[in-house]
Amino acid sequence: MAASSDPLSPGSSEPRSITLPGILLGVGLGGFVDGILLHQVLQWHHMLTNASTANIPIGDYPATTVHGLQMNTLWDGLFHTFTWLCVLAGLGILYARITHDHRRAWASRVLWGWILAGWGLFNLVEGIVDHHVLGIHHVVSGPHQTLADLAFLGLGALLVLGGWLLQRSARPGVVADGAVVIGREGSPGDRGPR
């Protein structure tokens, strides 16, 4: 009986992609960088910092008042919960895919490329939705907020492009010591597991 051609089915002869877990890890880790660095360490903004001037009527929660800081802390916590769940899901799916067939491995460039692309996707979606469409916060408030928001989107685009190019740079490969080393998604790679 021939193995299934569906790369997600058990007994498949095709490797299952690590694109999804890589992107989920990138979304989660990129969100952690945003939340930890911009929200907590630099304190440039919180989730609802610009709620009073937002494009949707959600109230006013300035971080300079106790009530405003409580609401911003709550929403920052919900945001971190989402990013943590993305990392958890990414790790779970990655573990399931790399243990499916112990003879296969992917070049680290593939995983790191998709992680960078996921981080970039996080920046693009969060920047477009929260900064531009909803307007609930900006990277920094004030006269340069549009420039900072556009730079955030630019960084996101560069991360997506750089991640995509990195994962594409994995070389086609060979079978060595009983292990098929996978480079690009579904193509054998010539470097050992990383």
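Visitor: Is Gln43 buried or exposed?
Guide: Gln43 counts as exposed because its relative accessibility is 56% (exposed is over 50% relative accessible area, buried under 20%, partly exposed in between, 1.4 Å probe, protein chains only). This is a predicted model, where local features need pLDDT of at least 70, side-chain atom pairs pLDDT 80 or more, and totals use all residues. Numbering starts from 1 along each chain, and side-chain values use heavy atoms, without hydrogens or water.

Visitor: Where is Gln43 found?
Guide: In the loop between helix 1 and helix 2 (helices are DSSP runs of H or I, at least four residues, numbered from the N terminus). Gln43 has a phi near 55°, which is positive although the residue is not glycine.

Visitor: How many residues does helix 2 have?
Guide: Helix 2 has 35, covering residues 66-100. From first C-alpha to last it reaches 50 Å, close to the 51 Å expected at 1.5 Å a residue (times one less than the number of residues).

Visitor: Which residues of helix 2 are buried?
Guide: Among them are Gly68, Asn72, Asp76, Phe79, His80, Leu94 and Arg97.

Visitor: New topic. Which residues touch the most other members of the largest nonpolar core?
Guide: Met47, Leu48, Phe122, Ile136 and Phe152, in a core of 14 residues (buried Ala, Val, Leu, Ile, Met, Phe, Trp, Tyr and Cys joined through side-chain atoms within 4.5 Å). Helix 1 (19-41), helix 2 and helix 4 (145-168) each supply at least two residues of this core. Another core, of 12 residues, lies apart from it and includes Ile18, Trp106, Val110 and Ala117.
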